[in-house]
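Subject: Structure handover

Hello,

Here is the structure I promised to pass on. My notes on what was found in it follow below.

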Amino acid sequence: MTSRALFGLTKAELTALMAGLGQKGYRAVQLADALYKQRVGELDGVTTFPVALREQLVAEGYGVGLPEIVQAAKSVDGTERYLMRMADGETVETVWMPDGDGGERGDGSEAAAEESGDEESAEEAVAGKKIDTRNWGALAPQGFRRATICISSQVGCAVNCQFCLTAKLGIKRNLTAGEIAGQVAAVLNRHGIQIGKDRINLVFMGMGEPFLNYDSFMKSVEILVTGIGISESRMTVSTSGILPGIEAYAKETLRPKLALSLNASNDVVREQIMPITRKWNIAALLEAVQKIPLKTREWVTFEYVLLGGVNDQPEHAREVLTLLAGIRSKVNLIVWNPGPGIEYHQPEPADVVVFQKMLIDGGIPTYIRRPRGRDIYAACGQLKRTVSEEAGLVTIGAPG
Ligand code: SAH
Ligand code: SF4
């Protein structure tokens, strides 16, 4: 049994490890290449290493240590939800969304540019939905893939938002950097994804609060960028509003884009649905957000879960406009996804439309996030380590 995971070590740490074993520096480069570029699942796959060195690592308790996909459920919309098992048996969920969920739209990033470009029609053509002959040229020879992977940062969550199923789990433990980035590697391997050829976006929006596991989250970003090779401009981290985390994030040079779960237009409503507001209120959060040195074409995203009758009325939209005045922002409206034991209601479709229109008319780009994988409990706020039998789901594919 592997007790020491190699996946998750930075290049500097791998160099130190190899030096400690009396090995030359290039061995660290070879190992990093095997772990992060080839994404090997076993030490045996590190074919650039002599057998003796591999055996020495095994004898010292080292292994690759990728999380293992032990269960997978597929939605009618193509979304897949995985149960990932860590070395100690703890599990989290990770979601694969072909075509994304619109959450990466309109944020000025490369991902956003693609959303509105020819490729959109090209993909629809591939899916047989629409044949647009003007866009045949945009089709890659073997087709191409664009997908968003939603990853977890903790086993459970301590934040206790009243509308979220993950909150019901409480917090079991933080994930390590290797366990966070490892979810991505496991999913990329499952789909045979080639970085550089396929377009992959990452959202840190699964189980847990990334900013309450800050160091491991940031280290996972380093591994994903410098090791796996996914640009940070294709990553978005979502926080419920952990003030010290936002302040630390503002000082980072290598950082994903930020999404803040605003979810209410004033502190009274926000306290009811997100008790953490008592610790850090909306004004304090927005002040911290305004100190982030935004790059050109960078926006801060504000997520807003619409709860019927609670925060979805025109007066709330007006308050949001006042709050966000002067901040380079866009808003992602998320229609609340129901879950057992949670007493909220979904908003009326007409109210959603009015809310969006009011924000757009007020000058804020506002998108409605497409719910992905609701039928398999994979949508926002539905991740709680659902086991298939319990949810009456069909498990697809072989585990792993
Ligand atoms: N903990 C982080 C990231 C994970 S939650 C955060 O809270 O930001 C990702 C998003 O899903 C957040 O914006 C959250 O407000 C939203 N969310 C939680 N439960 C939801 C539900 N039941 N329906 C719709 N969105 C939900
Ligand atoms: Fe935690 Fe985010 Fe769910 Fe709140 S919404 S309980 S912060 S996972």
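Asp77 and Arg372 form a salt bridge, with their closest N and O atoms 3.5 Å apart. A salt bridge here is a side-chain nitrogen of Lys or Arg within 4 Å of a carboxyl oxygen of Asp or Glu. The two residues are 295 residues apart and link distant parts of the chain. Asp77 is in the loop between strand E3 (68–74) and strand E4 (80–85). Arg372 is in the loop between strand E14 (366–368) and helix H13 (388–391). Asp77 is partly exposed, at 32% relative accessible area. Arg372 is buried, at 5%. Buried means under 20% relative accessible area, exposed means over 50%, and partly exposed is in between (1.4 Å probe, protein chains only). Helices (H or I, at least four residues) and strands (E, at least two) are DSSP runs, numbered from the N terminus.

Before you read on: this is a predicted model, where local features need pLDDT of at least 70, side-chain atom pairs count only at pLDDT 80 or more, and totals for chains, interfaces and linings use all residues. Residues are numbered from 1 along each chain as its sequence is written, chains are lettered from A and ligands numbered from 1 in the order in which they are written, and side-chain values use heavy atoms, leaving out hydrogens and water.

More on charges. Side chains of opposite charge can pair when their charged atoms come close. The count comes to 15 salt bridges. One of them joins Glu93 and Arg81, at 2.9 Å between the closest N and O atoms. Glu93 lies in strand E5 (residues 91–98) and Arg81 in strand E4, so the pair ties together parts twelve residues apart in sequence. Both Glu93 and Arg81 are buried. Lys74, Glu80 and Arg190 belong to one network, joined by salt bridges that share partners. Within it, Lys74 meets Glu80 at 3.8 Å, N to O. Lys74 is partly exposed, at 46% relative accessible area, whereas Glu80 is buried, at 7%.

Now the overall layout. The protein chain has 13 helices and 14 strands. Of its 400 residues, 54% are buried. Take the contacts (heavy atoms within 4.5 Å) with a separation of 6 or more: residues 24 or more positions apart account for 69% of them.

Which strands make up the open sheet? There are ten, in the order E3-E4-E5-E6-E9-E10-E11-E12-E13-E14, with mixed pairing. Two strands pair if DSSP finds at least two bridges between them. E3 and E14 stand at the edges with a single partner strand each, so one side of each has no neighbour in the sheet. From one strand to the next, the twist averages 25°.

Look next at strand E6 (residues 146–150). Five of its five residues are buried, so E6 is largely enclosed by the rest of the structure. Arg146, Thr148 and Cys150 point one way, while Ala147 and Ile149 point the other. E5 and E6 run antiparallel and are joined by four bridges. Trp96 has Ile149 as its bridge partner in E6. E6 and E9 run parallel, joined by five bridges. Here Cys150 has Val203 as its partner in E9. Strand E9 (residues 199–204) also runs parallel to strand E10 (residues 235–239), with three bridges between them. Leu202 stands opposite Met235 in E10.

Two helices lie across the strands. Helix H12 (residues 349–361) lies across E12, strand E13 (329–335) and E14, at about 160° to E14. Axes are lines fitted to C-alpha atoms, for helices over the stretch in contact, and angles run from 0 to 180 degrees between N-to-C directions.

The largest nonpolar core has 114 residues. Such a core is a set of buried Ala, Val, Leu, Ile, Met, Phe, Trp, Tyr and Cys residues joined through side-chain atoms within 4.5 Å. Ile149, Phe204 and Phe302 are among the members that touch the most others. Phe204 touches residues including Ile151, Phe217, Leu224 and Pro256, not counting those up to four places away in sequence.

Last, two backbone details. Asn160 has a positive phi, near 70°. Asn160 sits in the loop between strand E7 (154–156) and strand E8 (171–174). Arg297 also has a positive phi, near 60°, and is found in the loop between H10 and E12.

Best wishes
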